[in-house]
Amino acid sequence: MVRGEGFEPFRPESRFGFPNLEPLRDRSLSPAPLTWLGDPRVTAVMMIRADLMITKQGAFHPQSQRDITEQKRISSQIRCRSVLLTGKVALVTGASRGIGKGIALEMAREGADVVVNYARSDKKADDVTRDIQALGRRALSVKADVSNPRQVEAMRKRILREFDGVDILINNAGVHHHLKSWEIESAEWRQVIGVNLDGVFLCSKAFNKEMRARRWGRIINISSIVAFTGTDHEAHYGASKAAVLGLTKSLALELAGYNITVNAIAPGWIETDMTSGITPDEKKKALELVPLHRMGQPEDIAHVAVFLASEKASFITGQTIHVNGGEAML
Ligand SMILES: NC(=O)c1ccc[n+]([C@@H]2O[C@H](COP(=O)([O-])OP(=O)(O)OC[C@H]3O[C@@H](n4cnc5c(N)ncnc54)[C@H](OP(=O)(O)O)[C@@H]3O)[C@@H](O)[C@H]2O)c1
């Protein structure tokens, strides 16, 4: 549609000398326009070009009023695409399913390349990786237990072979056991604290080095509503999620000088495997406590994560954003 008269073949280095467009040289702009429209760097150049064609028609000599109308249509279409994470690399821990998968896909839709971390679900992680690639982004899946320092270090090395570093770290991986505190064995306690808290510490430590060097970064930790309300059946989980908030604030203070923001999201009740064990009756009772009267979806968390990762949130650090349908107004 943009290959009509008045448009030149796309040559990023020509005429306007836009910086950092070298990778586009090898990309084909056809046959799927939507694929390359999804590339924010192409979008940016096309937007400027479309505007120039409209405002400085002489520069491109459009042939007719029809051309101009078409160019205006293209320009407004391109403007409608919001691409907030252009050129960023995001690592989402626990991205094979549930909230992590939702965040990984939304980050890719907003222009980020994405590393999909997971612990066991090889096939699911591969599926997410393929979905991200289908969106026109680079994707890599890395199996690593975030509670294990050696595996986190191996994941870092693997990622650095593929990317220059991680710009956006989403500490999402989490586990829980539905147990009363007196039923929790110490191995279970250690596992939950290990994944939900140590994992946040280990990944934040491993991946902020390149962020500090670049003086730009985002760390987003997935906590929980129960960090505030408590929970009557998983004390280890509640403790780990509350501790993540303390860690979030300390990291935010330490890293602010490097232009790295660190924030937390505290989801309420989100429909994933983690919450799939409840009976219809339990669900009905739980929904009565949610003023918006529905369970949250992974996308509800993903949209907030994208915002916090974007430039639009550059003055927000050390904060917790509550996404819970009004269940707790904190
Ligand atoms: N769902 C909710 O209602 C809710 C509410 C508040 C907070 N949260 C928090 O949101 C986060 C995501 O929850 P979810 O509901 O999406 O959970 P989920 O559906 O159970 O998915 C958990 C994810 O974490 C990964 N994971 C588990 N242990 C790991 C480890 N040791 N190392 C690396 N990855 C690991 C899993 O990978 P595999 O597939 O390979 O096992 C999976 O991708 C968790 O931190 C959870 O505590 C959830």
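Me: Which are the buried residues of α12?

Reply: Keep in mind that this is a predicted model. By name, the buried ones are Pro298, Asp300, Ile301, Ala302, Val304, Ala305, Val306, Leu308 and Ala309.

Me: What do the buried residues of α12 pack against?

Reply: One partner is a helix, and the others carry strand labels. The buried residues of α12 pack against α5 (98–109), along with β1 (89–92), β4 (168–171), β5 (217–222), β6 (260–267) and β7 (320–323).

Me: How many residues of α5 are buried?

Reply: Going along α5, the buried list takes in Gly98, Ile99, Gly100, Lys101, Gly102, Ile103, Ala104, Leu105, Glu106, Met107, Ala108 and Arg109. The helix is largely enclosed by the rest of the structure, because the buried count is 12 of the 12.

Me: How far does α5 reach from its first C-alpha to its last?

Reply: α5 has 12 residues, and at 1.5 Å a residue the expected reach is 16 Å. The model comes close to that, with a reach of 17 Å.

Me: Which residue just after α5 takes a positive phi?

Reply: Look just past the end of the helix, where phi is about 100°. The residue there is glycine 111.

Me: Are α8 and α10 roughly parallel or roughly perpendicular to each other?

Reply: Two packed helices are described by the angle between their axes and the distance between the axes. Here the axes of α8 (residues 186–214) and α10 (residues 235–255) come within 9 Å and cross at roughly 15°. Angles under 35 degrees count as roughly parallel. So α8 and α10 are roughly parallel.

Me: Which residues in α10 does α8 meet?

Reply: α8 passes α10 in a right-handed crossing. From α8 come Glu188, Trp189, Val192, Ile193, Asn196, Leu197, Val200, Phe201, Ser204 and Asn208. In α10 they meet His236, Tyr237, Ser240, Lys241, Ala243, Val244, Leu247, Leu251 and Leu255.

Me: How many nonpolar residues does the contact of α8 with α10 have?

Reply: Sort that contact by class, and five residues are polar while two are charged. The nonpolar count is 12.

Me: What share of the chain's contacts with a separation of 6 or more comes from residues 24 or more positions apart?

Reply: The chain has 330 residues, of which 40% count as buried, and its secondary structure comes to 12 helices and seven strands. Among contacts with a separation of 6 or more, the share from residues 24 or more positions apart is 72%.

Technical notes:
Residues numbered from 1 in each chain as written. Predicted model: local features only at pLDDT ≥ 70, side-chain atom pairs only at ≥ 80, totals over all residues. Buried ≥ 20, exposed ≤ 12 C-beta atoms within 10 Å, placed from the backbone. Helix = DSSP H or I, 4+ residues; strand = E, 2+ residues; numbered from the N terminus. Contact = placed C-beta atoms within 7 Å. Axes fitted to C-alpha atoms, helices over the stretch in contact; angles between N-to-C directions. Parallel < 35°, antiparallel > 145°, perpendicular 65-115°, else oblique. Left-handed = near helix turned anticlockwise from the far one by under 90°. Nonpolar A, V, L, I, M, F, W, Y, C, P; charged D, E, K, R; others polar. Expected span 1.5 Å × (residues − 1).
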